[in-house]
Amino acid sequence: MIRLKNEKQIEGIRQSCKMLSAMFRELIPLVKPGVVALDLDRWTQRWIKQNGGKPAFLGYGPKKNPFPGALCISFNEAVIHGVPTKRKIAEGDLVSLDCGIDLGGFISDQAVTIEAGKVSKTAHRLNITARECLMRGIGAAKAGERLLAISRAVEGHARAAGYGIVTRYCGHGVGFDLHEDPLVPNVAKGPNPRLSRGMVLALEPMINHGTGEVELLDDDWTVVTADGSLSAHWEHTLAVTGNAVEVLTEEVL
């Protein structure tokens with residue numbers, strides 16, 4: 001069931017999104033070769049708590065194996081949900097960062113893919129295209145339009161560039177919980193509700209250099225490309241407000 005938000009609730013989510021984007025602006029300059037992924041997560045946890053929020057990802061999931069960090073850190077072939085470890089960032093890595101903040105019960109969600117040092121032309125082109133896919137999806141999000149218009153825009157741009165699109169995971173509703181209805185697929189297939197006032201959605205293209213197929217690692221969190229190819233992931237949270245669509249998270253690069 002899609003949970004629509006009123007103006008006051010959207011304002012709460014908006015403030016959470018502003019805080020999340022502010023956090024990313026301070027975090028991104030720290031993402032460079034030689035830095036330990038786990039240290040980035042510890043920094044993120046401190047920043048969120050010091051600014052009055054709660055890490056939305058920390059402890060999320062099944063009780064037997066909750067997510068152990070505040071920040072998903074996914075390297076190169078890792079698509080999403082990378083568990084923070086003692087791995088050091090290397091020159092040329094693609095580093096996807098995904099985070100959410102719970103601010104007074106209102107949840108934000110945003111992801112970026114950072115190029116550590118000098119990356120290959122292959123990695124750079126993939127990353128640029130993945131970000132463009134997100135912006136195409138946002139551009140297709142119109143009040144009163146159908147949800148799969150977003151999906152068609154993402155899919156069309158990725159396919160034209162020759163890339164694989166992850167279909168096993170996708171965008172989603174957000175705001176009261178980290179994952180809500182509706183699903184927001186990156187291919188034009190599935191339920192197609194109308195974008196109505198009060199919807200809050202997280203759009204997140206996951207674009208692979210090779211196949212769109214993915215596998216789950218033994219940690220039961222980290223999702224990687226099935227063929228070991230590079231992946232890039234970008235995400236914004238947006239809201240349908242009246243006759244308009246507002247991007248609640250902010251550009252951070």
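## Charges over rings

Arg 87 sits over the face of Phe 75, 4.1 Å from the ring centre. This comes from a predicted model. A second case involves Lys 5, which lies over the face of Phe 176 at 4.8 Å from the ring centre.

## Aromatic pairing

A pair of aromatic rings is described by the distance of the centres and the angle of the planes. The count here is 1 aromatic pair. Phe 67 and Trp 221 form this pair, with 5.2 Å from centre to centre and 80° between the planes. Because planes over 60 degrees apart count as edge-to-face, the pair is edge-to-face.

Phe 67 belongs to the loop between β1 (54-55) and β2 (71-75), and Trp 221 to the loop between β11 (214-216) and β12 (223-225), so the pair ties together parts 154 residues apart in sequence. Phe 67 has a relative accessible area of 4% and is buried. Trp 221 also counts as buried, at 12% relative accessibility.

## Helix α3

Helix α3 covers residues 121-140. At 1.5 Å a residue, its 20 residues should span 28 Å, and the end C-alpha atoms are 28 Å apart, which agrees. The buried residues of α3 include Leu 126, Asn 127, Cys 133 and Ile 138.

## Surroundings of Ser 231

Ser 231 is part of strand β13 (residues 231-233). With a relative accessible area of 1%, Ser 231 is buried. Its side chain makes a polar contact with the side chain of Asn 208 at 2.7 Å.

Beyond neighbours within four places in sequence, the contacts of Ser 231 include Asn 76, Val 79, Leu 94, Ile 207 and Thr 225. Leu 126 is also in contact with Ser 231, and Leu 126 is one of the buried residues of α3.

Conventions:
Residues numbered from 1 in each chain as written. Predicted model: local features only at pLDDT ≥ 70, side-chain atom pairs only at ≥ 80, totals over all residues. Heavy atoms only, no water. Helix = DSSP H or I, 4+ residues; strand = E, 2+ residues; numbered from the N terminus. Expected span 1.5 Å × (residues − 1). Buried < 20%, exposed > 50% of the residue type's maximum accessible area, 1.4 Å probe, protein only. Phe/Tyr/Trp six-rings, centres within 6.5 Å; stacked < 30°, edge-to-face > 60°. Lys NZ or Arg CZ within 6 Å of the ring centre and 35° of its normal. Polar contact = N/O pair within 3.5 Å; in protein donor to acceptor, adjacent residues only side chain to side chain. Contact = heavy atoms within 4.5 Å.
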